[in-house]
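Subject: Structure handover and notes

Hello,

Here are the sequence and structure you asked me to pass on. My notes on what was found follow below.

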Number of protein chains: 4
Amino acid sequence: MSGHIGKALHVQLFGESHGTALGATVDGLPAGLPIDIDALTAFLQRRAAKGGELATGRMEADIPRIISGLHNGITTGHPITGIFENADTHSSDYGFLPDRPRPGHADYPAIVKSGGFDDLRGSGHHSGRLTLAYAFAGGLALALLASQGIRIAAHVLSIAGIEDVPLDPLKPDMAAMQKAYGMPVPTLDVQAGERMRAAILAAKDDSDSVGGVVEVAATGLPVGLGAPFFDGVEALVAEHFFSIPAVKGVEFGAGFSASSMRGSAYNDPYTIRDGKVVTTKNDAGGLLGGLTTGMPLVARIAFRPTASIALSQHTVSLSNHVDAALEVRGRHDPCIVIRALPVVEGALALAIADLWLRQNGDRALKE
Amino acid sequence: MSGHIGKALHVQLFGESHGTALGATVDGLPAGLPIDIDALTAFLQRRAAKGGELATGRMEADIPRIISGLHNGITTGHPITGIFENADTHSSDYGFLPDRPRPGHADYPAIVKSGGFDDLRGSGHHSGRLTLAYAFAGGLALALLASQGIRIAAHVLSIAGIEDVPLDPLKPDMAAMQKAYGMPVPTLDVQAGERMRAAILAAKDDSDSVGGVVEVAATGLPVGLGAPFFDGVEALVAEHFFSIPAVKGVEFGAGFSASSMRGSAYNDPYTIRDGKVVTTKNDAGGLLGGLTTGMPLVARIAFRPTASIALSQHTVSLSNHVDAALEVRGRHDPCIVIRALPVVEGALALAIADLWLRQNGDRALKE
Amino acid sequence: MSGHIGKALHVQLFGESHGTALGATVDGLPAGLPIDIDALTAFLQRRAAKGGELATGRMEADIPRIISGLHNGITTGHPITGIFENADTHSSDYGFLPDRPRPGHADYPAIVKSGGFDDLRGSGHHSGRLTLAYAFAGGLALALLASQGIRIAAHVLSIAGIEDVPLDPLKPDMAAMQKAYGMPVPTLDVQAGERMRAAILAAKDDSDSVGGVVEVAATGLPVGLGAPFFDGVEALVAEHFFSIPAVKGVEFGAGFSASSMRGSAYNDPYTIRDGKVVTTKNDAGGLLGGLTTGMPLVARIAFRPTASIALSQHTVSLSNHVDAALEVRGRHDPCIVIRALPVVEGALALAIADLWLRQNGDRALKE
Amino acid sequence: MSGHIGKALHVQLFGESHGTALGATVDGLPAGLPIDIDALTAFLQRRAAKGGELATGRMEADIPRIISGLHNGITTGHPITGIFENADTHSSDYGFLPDRPRPGHADYPAIVKSGGFDDLRGSGHHSGRLTLAYAFAGGLALALLASQGIRIAAHVLSIAGIEDVPLDPLKPDMAAMQKAYGMPVPTLDVQAGERMRAAILAAKDDSDSVGGVVEVAATGLPVGLGAPFFDGVEALVAEHFFSIPAVKGVEFGAGFSASSMRGSAYNDPYTIRDGKVVTTKNDAGGLLGGLTTGMPLVARIAFRPTASIALSQHTVSLSNHVDAALEVRGRHDPCIVIRALPVVEGALALAIADLWLRQNGDRALKE
């Protein structure tokens with residue numbers, strides 16, 4: 001059991017990397033929300049491998065076929081299912097499975113867990129390809145949030161240790177992030193992005209891979225979404241972020257660096273500005289005790305390097321129970337961070353939309 | 001809605017800091033599990049303020065009154081409820097609420113969210129005191145895991161930027177951590193603990209507070225607990241960790257540092273040792289794609305400094321809608337990290353126990 | 001795992017019949033709802049055995065001790081826990097357990113399921129006494145519904161085959177039902193109630209028991225609560241009704257008799273009355289395809305006779321694996337239907353309140 | 001929000017009657033379960049309209065296209081999605097919507113709930129066509145249960161008031177029910193089925209419809225599935241049954257008739273037979289206090305007559321807010337009870353499989 005999440009906004013993923021198709025069902029969006037299919041498709045295309053030097057050679061159309069829940073382009077209030085067919089699969093590249101599990105991949109525990117019945121071609125249901133379905137769900141959540149004045153954007157904060165300028169947590173530059181989406185590596189500092197690109201290509205030349213950090217922000221949030229403890233924004237958003245394959249760390253606001261600060265330096269003072277209660281800085285990242293403060297939500301998500309690399313690696317032969325060597329021949333991204341941006345944005349949107357719906361209910365939206 | 005979590009092992013928290021009592025109900029433990037009340041109480045006492053120099057002056061007995069679900073000290077398979085009475089409350093310390101919200105606390109969004117109806121004395125349901133109920137639930141989960149050979153321990157990795165030696169992720173020294181529980185600051189390196197203690201007292205002298213990082217490990221895990229995506233170990237454990245008040249960051253294995261590694265350095269090679277498939281290092285922290293690998297699970301959790309400090313702070317008067325000053329007089333820990341250790345251990349235990357029960361079912365345990 | 005239900009309004013039961021205490025936590029009520037403790041207590045007293053000829057001899061105060069979630073008598077938006085202490089227990093009456101399971105009780109499967117670890121004194125967690133906690137939760141839901149103009153009332157439709165007049169489903173007489181609450185057997189037809197009372201006493205004289213049917217109605221419902229399929233009103237309400245011990249049948253509107261009607265007779269025609277869309281009859285019981293129509297919701301719930309009777313019965317000795325005789329000596333109601341009325345009302349209220357909250361959200365209520 | 005149910009075995013429905021396609025995702029089946037696609041298809045064909053005199057004229061292939069979760073015909077442990085394309089739709093038949101809601105249908109509350117955005121062509125997501133997706137999910141659950149020796153079968157107990165012989169609850173004749181599946185009206189008494197067939201045709205000739213009752217049984221159940229209260233077998237099974245469109249009543253064992261029995265007559269005595277604890281009769285229908293007793297589970301489900309009839313009916317014009325007449329021209333079954341049999345069986349299977357998985361866990365099945 002793996003593929004569903006959410007209380008008021010419920011998402012069910014399905015599909016395998018080399019199966020017939022994959023997709024997602026989103027259940028809980030209120031009736032009356034127009035879905036701009038072109039915008040949704042453009043959002044998903046940011047995740048697609050476009051044949052460039054920085055991504056996998058596998059090329060898929062990644063156009064959603066929405067088979068339910070929309071009528072004349074508007075939500076009906078019933079489950080919305082989008083399907084993506086798989087076309088460009090090279091299952092023969094995975095002949096080493098299930099005998100020789102790839103280091104860094106879920107192969108070995110998946111084989112044990114499933115008693116050998118898992119379909120691991122192209123990593124099967126464990127594949128990063130499933131993030132296409134996840135992003136589809138996230139794109140629908142983004143549409144709901146946009147209708148309520150809530151915006152979400154992300155940029156690459158670092159790759160291979162090379163750093164972009166961080167966001168101003170008081171006033172994250174959403175427009176600059178959105179503008180950067182067209183760049184090979186979407187950064188605020190163009191030079192940083194160029195250096196990251198070079199680092200990725202260098203790793204690729206070495207048959208190796210690199211990781212990185214995504215920074216994401218949400219603005220326009222109402223005060224008081226969430227709850228203390230288990231329905232806290234931090235808890236639900238982190239649950240979503242850690243559901244994205246390859247994520248190894250998540251922090252909000254000052255995050256880990258808050259651990260070495262004193263309270264007098266960390267606490268964000270309140271003031272009145274333009275008649276509104278705001279904080280004069282935002283080390284909390286817009287979140288206090290599980291609740292939104294109305295300030296921008298800022299989070300950072302750490303991705304490990306791509307697990308599949310062409311370099312020879314040490315593994316074991318499960319059938320012979322001996323050590324063995326492995327060279328993975330399939331097509332893989334030398335760095336998944338860039339394509340992960342819309343996945344992160346969508347994951348954040350799903351968590352916030354769920355909390356928004358719990359607070360506001362699922363009554364039909366007025367056009 | 002805030003107080004419940006879990007599928008196969010369900011926890012419901014309740015109570016306020018200055019209300020009559022607080023507690024938790026744990027629903028889903030199988031019948032036949034002996035609960036050692038002395039061990040449970042000792043576990044909770046690690047979280048209790050014992051009147052020392054490093055903790056709040058508020059003194060509570062924190063002895064659980066278990067009113068259901070146990071018969072002759074053994075689980076019946078029905079919900080287990082533990083109650084803790086509140087005794088030592090100084091509600092008059094909170095006269096500044098609900099007018100002047102404390103920076104760094106949930107006061108302001110809680111007031112907005114509740115329309116002013118929240119009970120914020122001692123932070124109410126938002127209080128760190130609720131972690132007593134959370135730790136009670138966690139202690140029960142630990143009993144289940146212990147019966148299955150799964151052990152969990154934690155130490156203080158850093159406070160105020162002073163660092164303990166990190167765990168060896170291949171072989172975390174569980175005994176050393178457990179031995180350290182008796183120290184003022186439970187660290188593996190006694191000197192580091194002493195320096196942390198001095199830093200806490202220095203902050204306290206300054207009417208200020210400090211934060212820190214907890215490192216936790218679980219050993220004896222079976223291979224293949226969890227699932228890809230939403231029921232992944234990372235997702236569920238992080239949901240629990242971020243439910244603990246004051247947590248701002250969570251990472252597994254190499255965590256954020258994995259983001260600057262190359263795949264060839266990050267991937268953990270497999271080998272056969274003593275007839276078992278193991279990895280020769282453990283940067284993954286025992287987790288691959290949401291599944292346990294059978295290697296130790298290692299995580300780090302970042303706590304911001306205590307929000308309540310005696311220093312004068314800038315806030316606003318919500319009634320007058322103007323800026324205002326605030327000095328918080330209540331009794332507070334200058335650092336919550338030490339008392340958070342059992343809360344972190346319990347939170348991890350709850351997540352793992354839930355996944356264990358999904359995999360193994362809730363049939364009665366044999367004595 | 002047994003004790004929790006609900007999405008937007010979540011209830012967790014706990015406790016055993018002869019344990020220390022029992023209770024319930026209600027999580028999800030919005031902040032700002034005044035709770036009239038006297039009214040709540042009076043509601044629960046309708047379920048209490050008052051020492052009369054028609055109920056068990058076990059006498060408990062059944063006054064809730066609310067330990068969380070209320071501040072100055074108003075909901076805070078956090079979990080509300082009510083505790084009821086057990087006082088008048090005669091555990092020695094249950095010496096035949098766990099060897100000789102009572103026919104008609106959950107004893108035997110509970111022993112098998114729990115591996116013998118269940119606490120079955122007074123039926124333990126399986127006891128009808130738990131309906132006190134359930135009714136407490138229901139009473140809180142009734143308060144929310146009342147604040148929204150939704151009213152719920154019930155009467156005894158039959159006992160031992162003796163029938164009261166059924167409700168007019170177009171216009172159920174809520175006031176008459178509420179007035180009947182003070183009668184020994186709350187019926188609309190006083191004579192029917194008297195005959196039922198005689199039948200109960202006759203069964204009691206024979207050391208036997210009788211069953212019956214409860215009819216319940218809700219008025220003031222908005223149009224369009226619920227959903228098709230799994231979140232349909234019928235599905236959620238029936239889940240609640242069948243959670244009440246001893247319930248063997250549930251029907252809505254014309255119910256089973258609809259199965260022998262033709263569509264032209266069954267379908268409720270629409271008309272406009274006082275500017276509103278209404279139906280001219282109400283065989284649907286206010287429900288179409290999982291959704292409320294705005295007409296009164298009418299349901300009937302069948303209770304089997306009390307399982308515990310003093311007559312000698314055939315059972316088995318589990319230890320000796322042979323047939324055995326059993327005479328149950330404990331104190332039991334000769335008929336539970338009367339005391340079940342508030343439990344049924346509360347169960348219906350919980351289901352409707354959950355759906356109402358999903359539609360309207362959990363924002364703080366305005367006083 | 002409407003389309004998902006289940007804890008350990010989770011089902012998500014999607015689709016509309018006249019949309020592109022419909023389907024279901026089943027999440028939680030363990031790895032290693034072979035799925036016989038031919039058997040599954042044959043099971044679904046029992047629900048299909050085959051062009052006969054007793055069913056709708058709408059003809060669909062109703063062959064599942066399974067796009068995920070199976071590998072070489074065996075479950076992988078990941079979500080299984082089946083898709084059914086819609087082909088034979090006459091949307092023009094529904095031109096009266098959304099102005100003139102059909103009596104007996106969800107049209108009116110669905111319009112109000114959705115603010116007019118629902119897609120009601122062919123009843124949209126509310127349509128009985130969705131039971132195809134539901135039955136698909138149920139068919140997968142039946143495969144799991146069959147692998148564990150649990151069998152489920154159903155027959156038509158009554159249509160239009162004409163009654164078949166009821167099952168022997170001690171020993172329901174599963175083979176006889178399965179044999180009857182090939183009959184026009186699957187009954188145990190062939191003559192009764194013939195009379196029902198005549199009654200359906202008579203109603204059809206009158207442009208009218210009839211309802212009926214389905215009786216279903218499960219055998220091979222282990223002792224102790226379920227729980228008291230909310231996870232009781234009765235509660236979960238009834239939630240499923242009332243999720244089937246047109247169901248107005250559900251009862252287990254003696255059901256409503258238990259309400260007029262005395263305890264001494266109702267209680268099922270225990271005895272030892274062939275070394276097993278059994279009851280000498282089965283008025284409880286195999287269920288005591290939410291738990292399976294190991295005896296056959298027997299339930300009856302009442303269906304109202306088909307709502308869509310060709311006879312002129314009274315409704316209203318929502319746009320003009322006046323009374324109006326309505327003749328429904330679409331293609332509809334004069335009686336849905338026959339096609340409902342596999343839906344009922346599947347619904348029961350889903351509830352039991354969920355409880356079975358909670359008790360036994362989701363570890364991979366051994367072939």
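How many residues of chain B are in contact with chain A? The model is a predicted one, and in it 91 residues of chain B are in contact with 90 residues of chain A. On the side of chain B that touches chain A, 46 residues are nonpolar, 33 are polar and twelve are charged.

**Chains A and B**

In chain A, the loop between helix H6 (233-241) and E11 holds Ala246(A). The phi of Ala246(A) is near 85°, which is positive in a residue other than glycine. Most residues other than glycine have a negative phi, and most peptide bonds are trans. Ala246(A) is also buried, as 21 other C-beta atoms lie within 10 Å.

**Chains B and D**

Seven residues of chain D are in contact with seven residues of chain B. The side of chain D that touches chain B has no nonpolar residues, three polar and four charged. What relates the two copies? A rotation of 180° with 0.0 Å of shift along its axis superposes chain D on chain B, at an RMSD of 0.0 Å. That is the relation of a two-fold axis. Gly361(D) is the residue of chain D that comes closest to the rotation axis, with its C-alpha at 1.9 Å. Of the interface residues of chain D, 100% are also interface residues in chain B, so here too the copies meet through the same surface.

Helix H5 (residues 190-205) of chain D has 16 residues, which at 1.5 Å a residue should span 22 Å; the end C-alpha atoms are 23 Å apart, which agrees. Which residues of H5(D) are buried? They are Ala192(D), Gly193(D), Met196(D), Arg197(D), Ala199(D), Ile200(D) and Ala203(D). These residues cover an arc of only 165° around the axis, which puts them on the same side of H5(D). An α-helix has 3.6 residues a turn, so residues three or four places apart point the same way. The buried residues of H5(D) pack against strand E8 (151-159) and strand E9 (162-163) of chain D. Val190(D), Gln191(D) and Asp205(D), on the other side of H5(D), are exposed. Ser207(D) follows H5(D) and has a positive phi, near 60°.

Another positive phi in chain D, about 65°, belongs to Phe229(D), which is not a glycine. Phe229(D) is in the loop between strand E10 (212-219) and helix H6 (233-241) of chain D. Is Phe229(D) buried or exposed? Phe229(D) is buried, with 28 other C-beta atoms within 10 Å.

**Chain C**

Chain C has an open sheet of five strands in the order E1-E2-E3-E7-E4, with antiparallel pairing. Strand E1 (4-5) and strand E4 (65-68) of chain C are the edge strands, each pairing on one side only. Inside the sheet, strand E3 (residues 21-27) and strand E7 (residues 80-85) of chain C pair in the antiparallel sense over six bridges. The bridge partner of Ala24(C) in E7(C) is Gly82(C).

Helix H8 (residues 337-360) of chain C has 24 residues and reaches 34 Å from its first C-alpha to its last, close to the 34 Å expected at 1.5 Å a residue. H8(C) is mostly covered, with 23 of its 24 residues buried. Just after H8(C), Gly361(C) has a positive phi of about 80°.

Met177(C) sits in helix H4 (residues 174-180) of chain C and is buried, with 24 other C-beta atoms within 10 Å. Neighbours within four places in sequence aside, Met177(C) is in contact with Ala153(C), Ala154(C) and His155(C).

**Cis peptide bonds**

The peptide bond from Leu97(A) to Pro98(A) is cis, with omega near 5°. Pro98(A) lies in the loop between strand E7 (80-85) and helix H2 (107-114) of chain A. In chain C, a cis peptide bond joins Leu97(C) and Pro98(C), with omega about 5°.

Regards

Methods
Residues numbered from 1 in each chain as written. Chains lettered and ligands numbered in written order. Predicted model: local features only at pLDDT ≥ 70, side-chain atom pairs only at ≥ 80, totals over all residues. Least-squares fit on C-alpha atoms with pLDDT ≥ 70 in both. Contact = placed C-beta atoms within 7 Å. Nonpolar A, V, L, I, M, F, W, Y, C, P; charged D, E, K, R; others polar. Helix = DSSP H or I, 4+ residues; strand = E, 2+ residues; numbered from the N terminus. Expected span 1.5 Å × (residues − 1). Buried ≥ 20, exposed ≤ 12 C-beta atoms within 10 Å, placed from the backbone. Arc of directions from axis to C-beta. Pairing = 2+ DSSP bridges.
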